[in-house]
Amino acid sequence: MAMTDGQPIEIRSVCKAYGSQIVLDHASADLAPGEFVAVIGRSGSGKSTLLKLVGGLISPDSGSIRHGAHDLATMSESELTTFRRRELGFVFQFFNLVPTLSVRENVLLPLALNQVPQGAALRRVDDLLGRLGLASCADRLPDELSGGEQQRVAIARALAHEPNLVITDEPTGNLDADTAEEVLDLLIESCRDHNATLIVATHSHDAAARADRIVRIADGQIEPAA
Amino acid sequence: MRRRLLGRASWRFYQRHPWQLLLAVAGIALGVAVFLGIELANDSARRAFEASSSAASEQTTHRLLPVAGPLPEARYFELKTDQRWIASTPVIEAPVLLALAGGQRLEMMLEGLDVIEEPSVRGLSGVRSGDADLLRLLTEPLTVVLPQATANAYAIETGDSVEVLAGDNRHEVVVIGTSELGADGQPRLLTDIATAQELIGTPGFLTRIDLRLDEAAAGALSANLDPRTVLVPAGAEDQILGELTRAFNTNLTALGLLALVVGMFLIYSTISFTIIQRWRSVAVLRAIGLSRGELMGKLLGEALAIGIAGTLLGLLLGRELSAGLLELVLRTLDDLYFRRALAASEPSSLIYVLSALLGVGATVVSALIPAVAATRRDITSASRSRLERNAHRLARRFALAALPTLLLAGAILAIADRGLWQAFVAIFLVIVAGAMLVPLGTHGLMRFLEAPAARLAGIAGRMAVRGVTDSLSRTGVATAALAIAVATVMSVGLMIASFRASLVDWIDTTITADLYIDVGPELDSGLESSLTAIEALPEVVGISRMRVARTLAPLGSFNIRAQAPGPEGYGIELTAPDDVTAEALLDEERSVVVSEPLAYRLGLEPDTALELPTMTGIEAFRVAGIYRDYNTAGSDIVIALDAYRRHFDDQGLSTIGVHLAADADADIATAAIRALFARDRDLRIRSTEFIREISLVVFDRTFQVTEVLRLLAGIVAFLGILSALMALGLEREREFAVLRSLGMSVRQLFVQNLAQTGLLGLTAGLAAAPLGAALAWLLVHVINRRSFGWSMDFIVAPNAVLAGVSMAVAAALLAGIYPAFVGARADMGLAWRDD
C-alpha cells in the first residue's frame, strides 16, 4: 500500500508556535528508513507537536519536513490525506478505536480506505489478529476489551496497510508495566517485520531504552539524548 | 462560594458551547412565542367578538320576535300598556339597496328606530355617535342617517338625496347626517320606524321589539306571551357562534401548546446533551463530595436561567407574531362565522404571565428528567458503553410503557365522549406513546439497515448505521423529537386533505343546479311569473327554489332551509338513516332533516322531536334524518318548501337554482335570465363553478393560520435536530479526528456524517408516518366532531405521507450539513488528547 519504500525523513529548521508559546524553534532531525526513534522530553516540550508535524496532521510555521521526495509543506489537503492513508500508521495513548466498529472492522478500516479488495483485506486482518493474539476477540466491540487488548488492536490497525512510518504517542502510557512491555514488544517486532520506521514519543525510560536512537526535545530543539 | 464556583463552571461550559446555549434559548423562545402569539390573537379575537355581540345588543336583555313573518305593531302598543315591560323599543331591520350616482347599487341594512325610546332600552352608542340630530328623523319624513364611511366613500353630503330600493318600493330620501359604524362593523342606514315601514312597504309591522327586563319581568312576559311571538335572550344567536369560535380557538390553542411540547422535547434533548457531555465532570463533582441535591440544584439552576432567557425572548417574539396571527384569525372568523368586520381588541396582559410561567415551567420540567437521571447515576461507572446499555434498556422500557399510555388515551376518549379538552389530552398521550416507541424503533430499523448499508458503502456505511444505534441515548431523543414534529405537521396536512376532499364531495352533492339566482330585496314582486318564464327557456330543464330563514326556537337559533328540489333532488347526503333518501323523508308531513353539527350539538337522532316556532305557535317536528353539512353556521334544518309555507306563513324565496340541459351554454342562459328580469346590473347570478371556487378559496384561507403554525412547529423541530446533531458531532470529534488521521478524507467523513443524519431523518419519518396517520384520524373523527360536529371521510393520501417522510429526511439532512461539515473538519490533534 505504501507509495514509497523505506524513505528517509528529513526535518529541517522547523518552527511551530501556539500563539506566543514557541514549541519548536528551527528544529532539525533525520530519521533513517526502518529506524526506531524514541522522542523524549518534559510534558509540553513539543513531543506530540513533532509527531503531528511528521504525520502531516498540522503544518509548520516555517521549515520543511520531507518524506523521501515528498515535501509535506507543498502537498495539498487531499494529497496529505492520501499520504497519511497509505504511508502512515498511528497508535495513540488512548487507543482511539472506533467504538461503533468491532475489532476486525477497526483493523479493516485502513485497508478499506485504501480500497484493498475485501477478500485480501480480510485475510490480512485475520492474519494480523492471529499474530497479535486477538483472533478470539475479533467480533467484539472495543469497549468490551481490556486496555492492553485495545492497544494491540490499535497496533494491528496501524500496521494493517503496511505503512512506512508508524507514529505512536505514549503507546504504553495507559497500561500497567507488564502489559506495557508486551505491547511495546509487539509494536517493535511488527514494525521490524515490515521494515517500517517507528517514532515513539514517551516518558518511559524503559521504552526509550529499546529504541535504536533517542532524541530529546528541549527549548524548541531536537537533540540527541545523552 | 461553592454555589458560585458551580455557577462559574456551568457558565464556562456554555461559554465554550455557545451554539448549544443559543439553540436551547431559541427553542424555548420559539415555543413560548408561538403559544403567546396564538393566545394573544385568540384573546383579541374573542374580545372583538364579545364587543361585537354586546354592541349589537348593548343594554338590551331580551327580544320579542314573531314566530314567522313580520311582527304586528300592535304587539308593541300592548307591551307599552304594562309598566313591567315599559322599557321596550320597536326595531325594523331589512336589507335595502342604495341607488348611487353612476348607477352603482350598494346593499345595506336599513334600521328603523324609535329615536325617543331607543336610548333608554338599547343605548346603541355606535349608531348614536356622529354628527346627526336623530330627532330630525322623527320630525322630518323620508330622512336617513348614513354611515360616515359610506358617505365619505361615495361623496354623499348632508342634504343630498339618495334613492332607496326595497322590493318594488323606490323612495327618494334625504341624508340629514352621518353616524359611526356600529361596533359590530355593520354599515346601517338609520331612519325612524315610520319611515322604515314606508321604505320597505310594511306599514303596521315591525321586525322585533327590544326590551330591557329583569328575570322576573321576563318570566312574567313569557307567561303572557301571544303564541305567535317568542321572547328570547338578547345575543342568543351569538351563543352558537360563540360555541363555534370557542372550538376554533381551542384548536388553535392546542396547536400552540403542541409547539410548546415540541419545544420541551428540544429543551429535554439539549439539557440531556449538556449533562452527557459533562458526564465525567459530573462524576468527579459527585466523587469529591457534591450531594445529589446540590447537583440537582446546579442542573436545574442552569435550566431555570436558560428558561428565563428563552421565555423573555419568546415574549418579545410572541407579541410581534400575534399581530400577523391576529389578522389571519380575524379573517378566518369573519369568513366562517360572522360575515361582519371584526376589529382587534387589546388582549389581556395575564396571557403574558401565563406564557412566561409556561415557558419557564416547561423548561424546568423538561430538565428535571435528565437532571434526576444524572444524580442517580453510579459515579464509579462513567463509561460510555454503560450509558448506552442503559439507554437501550430504557428504550425497551419506554416501548413497553407505550401500550398502557395508548390504553389510557383510549379510556379518556371513551369516558369523556364529548369533551374537547379531554380529546386533546388523549392526543397528547398518543404523541407521548409514539415518542416512547421511537428509540426502540430506531434501534430495530438500524439493525435491519446495517447489512444493506454495508453492502452499499462498505465499512463507512456500517459506521454510519452503527453511529445511530451506538449513540441511542442521544439519537433516540433527537429522532423522537423530529418524529413528533413531523407527525404533527403530517397529521394536520392529512386532516386538511381529508377535509378538503370531503368538502369538494359535499359541494358536488349539494350544488345540484348550474346557476344560482339570489333573490334580493328588489325581486319579490312578480317573481313567480319570472320563474315560469325561466323554466320555459330552451336551455333550462328545471328550477329549484329555496327559502332561507333564521328562526329562534326554544333550543336556539336555526337556519331553516326550505327547499323545493329541482330535477336532481335536494342535494343532501344523509348520514343517518342510511337506507332512505332525503326526498322520501321530506315528503312526510312535519318532517325535517337536520345538519350534523346541529344534531351533534343538541343530541338529536332520527325519530327524535325538534320544536320550532310556527305561525300557530311552537310545534314539534320529527327529525327524519341527519345530513352532512359544512356550513359554518352549524345549525341548519331542511324542510320541504310546501311544508314550510304551510307552517311558517312565509311565501318568500331566497335563492333560485337553475338546472340547464347537458348541452346548454351557461353564458347564453345567464344572458337570457337577465333579459327576463330586465335588470342587468343588479341580478346576482352565480355559477356552480364560481360557488365551488369561492368555497375552496375560503377553505384554503381558513387553514392559512394552521399552515403558519405548522411551519413554526417545523422550525422548532428543525432547531431540535440541529441541536442534537451539533451535540453529537461535538461528542464524536475525537473519533472524527482519528478517522481523519487514518486517512479518511474530509469529503468521505462529511458524506458519512450526512448519511447518518439522513438515517436519523428516515427513522423519524418512518416513525412519523403511522403516528401522523393516527393523529390525523383523531383530528378527523374526534377533534373536528367534538369541535364542530362535522363528520368527514378519512383519507390517507400517500403523497402527504411521502411528503412527511421526505420532510423528515430533508430537515435532518439540512440540519446535518453544518455539523457534518464541522465534524469532517475536526482538528486531528484531538486524537492525541484524552476526553
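**Figure 1. Chain A as a whole.** The model is predicted. Chain A holds 7 helices and 10 strands. Its C-alpha trace spans about 45 × 40 × 30 Å along the principal axes. A compact globule with 226 residues would have a radius of gyration near 17 Å, and chain A agrees, because its own value is 17 Å.

**Figure 2. An open sheet in chain A.** The view shows 4 strands of chain A in the order S2-S1-S4-S5, with antiparallel pairing. Strand S2 (21-31) and strand S5 (70-71) of chain A stand at the edges. Each has a single partner strand, so one side of each is left without a neighbour in the sheet. Strands of a sheet pair through backbone hydrogen bonds, either parallel or antiparallel.

**Figure 3. Strand S1 of chain A, its partner S2(A) and helix H1(A).** Strand S1 (residues 9-18) pairs with S2(A) over 7 bridges, in the antiparallel sense. Within this pair, Ile9(A) stands opposite Leu31(A) of S2(A). Helix H1(A) packs on the sheet. There H1(A) touches S1, S2 and strand S4 (62-67) of chain A. The direction of H1(A) makes about 125 degrees with that of S1(A).

**Figure 4. The contact between chains A and B.** In this interface, 24 residues of chain A are in contact with 23 residues of chain B. On the chain A side, the elements that give two or more residues are helix H1 (47-54), helix H2 (77-87) and helix H3 (103-113). H3(A) gives the most, with 6 residues. By class, the side of chain A that touches chain B has 13 nonpolar, 5 polar and 6 charged residues.

**Figure 5. Asn195(A), a residue with positive phi.** Asn195(A) lies in the loop between helix H6 (177-193) and strand S8 (197-201) of chain A. Its phi is positive, at about 55 degrees, although Asn195(A) is not a glycine. Asn195(A) counts as partly exposed because it has 13 C-beta neighbours inside 10 Å, and a residue is exposed at 12 or fewer.

**Figure 6. Asp607(B), a positive phi in chain B.** Asp607(B) sits in the loop between helix H19 (596-602) and strand S17 (609-614) of chain B. Phi of Asp607(B) is near 75 degrees, a positive value in a residue other than glycine. With 10 other C-beta atoms within 10 Å, Asp607(B) is exposed.

**Figure 7. Pro567(B) and its surroundings.** Pro567(B) occupies the loop between strand S14 (556-564) and strand S15 (574-576) of chain B. Pro567(B) counts as exposed because it has 12 C-beta neighbours inside 10 Å. Leaving aside residues up to four places away in sequence, Pro567(B) touches Val541(B), Gly542(B) and His659(B). Trp790(B) is 223 residues from Pro567(B) along the chain, and their C-alpha atoms are separated by 28 Å.

**Figure 8. A cis peptide bond at Pro577(B).** The bond from Ala576(B) to Pro577(B) is cis. Its omega is near -10 degrees. Pro577(B) is in the loop between S15 and helix H18 (582-586) of chain B.

Key. Residues are numbered from 1 along each chain as its sequence is written. Chains are lettered from A and ligands numbered from 1 in the order in which they are written. This is a predicted model: local features need pLDDT of at least 70, side-chain atom pairs count only at pLDDT 80 or more; totals for chains, interfaces and linings use all residues. A residue is buried if 20 or more other C-beta atoms lie within 10 Å of its own, exposed if 12 or fewer, and partly exposed in between; C-beta atoms are placed from the backbone. Two residues are in contact if their C-beta atoms, placed from the backbone, lie within 7 Å. Ala, Val, Leu, Ile, Met, Phe, Trp, Tyr, Cys and Pro count as nonpolar, Asp, Glu, Lys and Arg as charged, and the others, Gly among them, as polar. The radius of gyration is taken over C-alpha atoms; the globule rule is 2.2 Å times the number of residues to the power 0.38. Two strands pair if DSSP finds at least two bridges between them. Axes are lines fitted to C-alpha atoms, for helices over the stretch in contact, and angles run from 0 to 180 degrees between N-to-C directions.
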